Amino acid sequence: MLFFIFAGLIACAGKPVSASCPIEIIPPRVVVRYGDPISVNCSSPSNQIEGMGWESPYEGVPLTQGVSFLPLQIKSLKAWELEPKCYINFNSGDQCLESLSVTVYRKADSVSMTPPSKTGHMVEGKNYRMQCDIANVAPARNLSVYWFKGNEILRNESFDKESNLSPVNLSSVLNLTAHRGDNGSHIRCEAWLNLGPAGPNLVLRSKSHDVTVLYPPAFVKPEKENVTLIAGGRISLNCTATGNPMPSYSWQLSHVIQEENKNQDENQPTLTISYPGTYNCTVSNTQGTKTKYFTVTGAETGQPGTTAGILIAVFFVFIFILGCMVYHKQRNSPVATSA
């Protein structure tokens with residue numbers, strides 16, 4: 001009974017002790033950097049032990065008589081694949097053993113990223129390919145690659161099906177379509193070596209790539225605007241547009257309006273006018289050209305037709321008033337009688 005109680009207590013600190021093979025390995029799993037030392041203890045609560053040993057192709061420990069506790073110490077581990085086994089020889093002649101899980105790792109020498117194009121910029125709507133290269137990392141099955149745009153994860157890829165335990169070179173590819181919203185953002189890749197709770201989790205980042213996206217002009221306001229001009233006033237037309245490269249502006253004006261605005265720079269997003277009419281503003285850059293139309297309407301003052309209409313109306317009012325006066329005068333005059 002005491003045997004089973006003791007075995008249950010020490011199992012909490014290491015690899016569980018089985019009734020058929022009462023061996024405990026502490027720690028039960030080792031994660032070690034290539035070339036670093038390791039130290040592991042193997043013990044047993046059994047009092048029927050003839051001897052213990054460590055079976056390992058790398059610095060094993062031969063059978064040691066009359067012990068129930070035996071350490072495995074390696075000053076500098078220089079093997080990529082290793083699974084030492086602690087064994088017990090019983091007085092009865094039987095033998096049992098337990099394996100130690102060992103993960104040997106190497107941090108990547110470098111993580112680099114190829115730009116999406118040789119020119120350094122992208123064009124909106126086109127597809128691009130970026131590659132993240134991870135050099136000399138092990139073990140590959142513990143590696144994950146993350147692609148970031150700022151703090152947003154674009155893609156992640158793991159290599160858990162890789163069986164090679166020695167250092168390898170790996171690559172991850174990101175395919176993307178350029179959008180104007182990506183302009184000015186930063187893309188990078190990160191290599192995460194996930195070694196679990198028994199070891200460190202290592203992260204190595206590439207240099208960030210500054211994204212430049214070329215795209216045609218787009219007006220901030222609709223491409224057609226109807227504007228009302230107050231009589232005798234002035235108004236500013238706004239043709240502001242976004243684009244990369246920054247677009248240039250060109251206004252199409254009538255001869256009269258050109259004379260009025262001859263002192264204004266036409267390569268500007270705004271134009272101040274005082275006459276009704278139709279105004280065209282064209283914006284352009286290396287990626288395209290667009291035109292915006294303004295229809296300006298307003299009351300026309302001081303025109304001959306309008307003045308004549310007013311004079312005619314005044315004339316008829318005068319005739320009407322004069323007629324009324326004559327009528328009332330005749331009604332109020334005395335009627336002459338014959339003698």
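Colleague: How many aromatic pairs does the count come to in this predicted model?
Modeller: The model is a predicted one, and the rule applied here asks that ring centres lie within 6.5 Å. Counted by this rule, the aromatic pairs come to 4.

Colleague: What is the angle between the planes of Tyr 34 and Trp 80, which form an aromatic pair?
Modeller: The rings of Tyr 34 and Trp 80 lie 4.2 Å apart, centre to centre. Planes under 30 degrees apart count as stacked, and this pair is stacked, with an angle between the planes of 10°.

Colleague: How many residues apart are Tyr 34 and Trp 80 in the chain?
Modeller: Tyr 34 belongs to the loop between strand S2 (29-33) and strand S3 (38-43), while Trp 80 belongs to the loop between strand S6 (69-74) and strand S7 (85-90). The pair therefore links distant parts of the chain, and the two are 46 residues apart.

Colleague: Is Tyr 34 buried, partly exposed or exposed?
Modeller: Buried would require under 20% relative accessible area and exposed over 50%. Because the relative accessible area of Tyr 34 is 32%, this residue is partly exposed.

Colleague: Which strand holds Phe 294, the partner of Trp 251?
Modeller: Trp 251 and Phe 294 form a stacked pair, 5.8 Å centre to centre with 25° between the planes. Trp 251 sits in strand S23 (residues 248-252), and Phe 294, 43 residues apart from it, sits in strand S26 (residues 288-298).

Colleague: Which residue lies over the face of Phe 148?
Modeller: Phe 148 is linked by ring pairs with Tyr 146 and Trp 192 into a cluster. Over the face of Phe 148, at 4.4 Å from the ring centre, lies Arg 188.

Key:
Residues are numbered from 1 along each chain as its sequence is written. This is a predicted model: local features need pLDDT of at least 70, side-chain atom pairs count only at pLDDT 80 or more; totals for chains, interfaces and linings use all residues. Side-chain values use heavy atoms; hydrogens and water are left out. Rings of Phe, Tyr and Trp (its six-membered ring) pair if their centres lie within 6.5 Å; planes under 30 degrees apart count as stacked, over 60 as edge-to-face and the rest as tilted. Helices (H or I, at least four residues) and strands (E, at least two) are DSSP runs, numbered from the N terminus. Buried means under 20% relative accessible area, exposed over 50%, partly exposed in between (1.4 Å probe, protein chains only). A charge sits over a ring if NZ of Lys or CZ of Arg is within 6 Å of the ring centre and within 35 degrees of the ring normal.
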